[in-house]
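Please look over the sequence and the model below. The report then goes through them by topic.

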Amino acid sequence: MRLDVVTIFPEYLEPLNLSLVGKARARGQLDVRVHDLRKFTHDRHNTVDDTPYGGGPGMVMKPEPWGEALDGIIASGEAGERPTLVVPTPSGRPFTQQLAVELSGKPWLVFTPARYEGIDRRVIEEYGERFDVREVSIGDYVLAGGEAPVLVMVEAVARLLPGVLGNAASHQDDSFAPGRMESLLEGPVYTKPPEWRGRSIPEVLLSGHHGKIARWRRDEAFRRTAANRPDLIEGCDPAALDKHDRRI
Ligand SMILES: COc1cccc(COC(=O)c2cn[nH]c2)c1
């Protein structure tokens with residue numbers, strides 16, 4: 001997968017050289033290219049923003065630099081390759097595990113994190129006519145820029161790429177993983193030592209009885225979901241539970 005990011009703070013994307021994403025890059029599974037938006041300005045101050053038409057607070061990112069940056073990136077693609085553009089914004093569709101799964105199947109993502117009050121709408125219109133443009137929110141709050149959302153989305157997508165996450169099975173049971181655990185939160189996890197500050201491990205986890213363990217985990221997932229995310233349970237039909245679990 002190729003990932004391009006256009007930003008006025010390239011150093012903000014340094015974390016993409018670390019850990020899981022860093023290793024995937026080193027292995028050649030991910031081709032990550034970060035572009036400094038200011039390199040696509042031509043005035044003495046490398047201006048990327050200006051006052052909003054119609055007045056109001058803050059500044060808006062000018063369309064010209066984005067146009068030059070995106071045209072250059074698209075032109076550098078393999079013949080005929082078409083990118084999916086991802087625009088982090090509080091007014092976008094929710095970023096979910098399902099969307100992460102969808103994006104992990106794309107060959108080329110271009111992220112356009114904005115600062116200020118956002119990017120001139122004509123940029124979205126211009127590229128939306130020719131490419132798949134997704135305006136995506138990572139949550140209902142406003143940040144100073146879209147770079148942190150890019151780190152979030154790249155990590156969520158990269159860990160789904162085959163061979164990137166050590167133990168492939170471990171994202172089947174992710175919270176929100178489509179299918180089995182459609183919309184349940186993960187229950188509690190434990191590891192050695194068997195006793196820590198007088199606190200032991202739930203007996204069932206030491207029983208070796210895989211059926212009972214699966215049932216206990218399912219019950220704990222329901223318990224935690226009911227406590228923290230009752231909205232996820234409303235639509236959940238217990239009868240739709242994995243038949244295997246119910247048989248125990
Ligand atoms: C593109 O327009 C804007 C405007 C304002 C801030 C931002 C940065 O993104 C966020 O704040 C965000 C993304 N998901 N949740 C919050 C982008």
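## Arginine 2 and its strand

In which strand is the place of arginine 2? Arginine 2 sits in β1, the strand that covers residues 2-7. A caution on the source: this is a predicted model.

Is arginine 2 buried or exposed? Arginine 2 counts as buried because its relative accessibility is 9%, and the cut-off for buried is under 20%. Its side chain has polar partners. One is the side chain of aspartate 4, with a polar contact of 2.6 Å. Another is the side chain of serine 76, at 2.8 Å. Setting aside residues up to four places away in sequence, arginine 2 touches Asp31, Arg33, Ile73, Ser76, Gly77, Pro107, Trp108 and Leu109.

The largest nonpolar core has 26 residues. Within this core, Leu3, Leu16, Leu30, Phe95, Leu103, Phe111 and Val154 touch the most other members. Two or more residues come from each of β1, α1 (19-26), α3 (97-104), β6 (108-111) and α5 (147-158). The top contributor is α5, which gives seven residues.

Beyond its neighbours within four places in sequence, valine 154 is in contact with Leu3, Leu16, Val21 and Phe111.

## The ligand site

How many residues surround the ligand? There are 16. The closest are Ile138, Gly139, Tyr141, Leu143 and Gly145.

For isoleucine 138, a backbone N or O atom lies 2.9 Å from a ligand nitrogen. For glycine 139, a backbone N or O atom is 3.1 Å from a nitrogen atom of the ligand. For leucine 143, a polar backbone atom is 2.8 Å from a ligand oxygen. On its own, the ligand has 410 Å² of accessible area, and the protein covers 92% of that.

## The loop between α5 and α6

Leucine 185 lies in the loop between α5 and α6 (210-228). Why does leucine 185 count as buried? Its relative accessible area is 11%, and buried means under 20%. Apart from neighbours within four places in sequence, leucine 185 is in contact with Ser175, Phe176, Ala221, Arg224, Thr225, Asn228, Arg229 and Leu232. Arginine 229 is 44 residues away along the chain, yet the two C-alpha atoms are separated by 8.1 Å.

Proline 193 belongs to this loop too. A cis peptide bond joins lysine 192 to proline 193, with omega at about 5°. Arginine 197 is also placed in the loop between α5 and α6. Arginine 197 is exposed, with 70% relative accessible area.

## Positive phi values

Arginine 197 has a phi near 50°, a positive value in a residue other than glycine. Serine 19 has a positive phi as well, near 45°, and is likewise not glycine. Serine 19 lies in helix α1. At 51% relative accessibility, serine 19 counts as exposed, since the cut-off for exposed is over 50%.

Conventions:
Residues numbered from 1 in each chain as written. Predicted model: local features only at pLDDT ≥ 70, side-chain atom pairs only at ≥ 80, totals over all residues. Heavy atoms only, no water. Helix = DSSP H or I, 4+ residues; strand = E, 2+ residues; numbered from the N terminus. Buried < 20%, exposed > 50% of the residue type's maximum accessible area, 1.4 Å probe, protein only. Polar contact = N/O pair within 3.5 Å; in protein donor to acceptor, adjacent residues only side chain to side chain. Contact = heavy atoms within 4.5 Å. Core = buried A, V, L, I, M, F, W, Y, C linked by side-chain atoms within 4.5 Å. Near = heavy atom within 4 Å. Areas by Shrake-Rupley, 256 points an atom, 1.4 Å probe, with all protein chains shown as cover.
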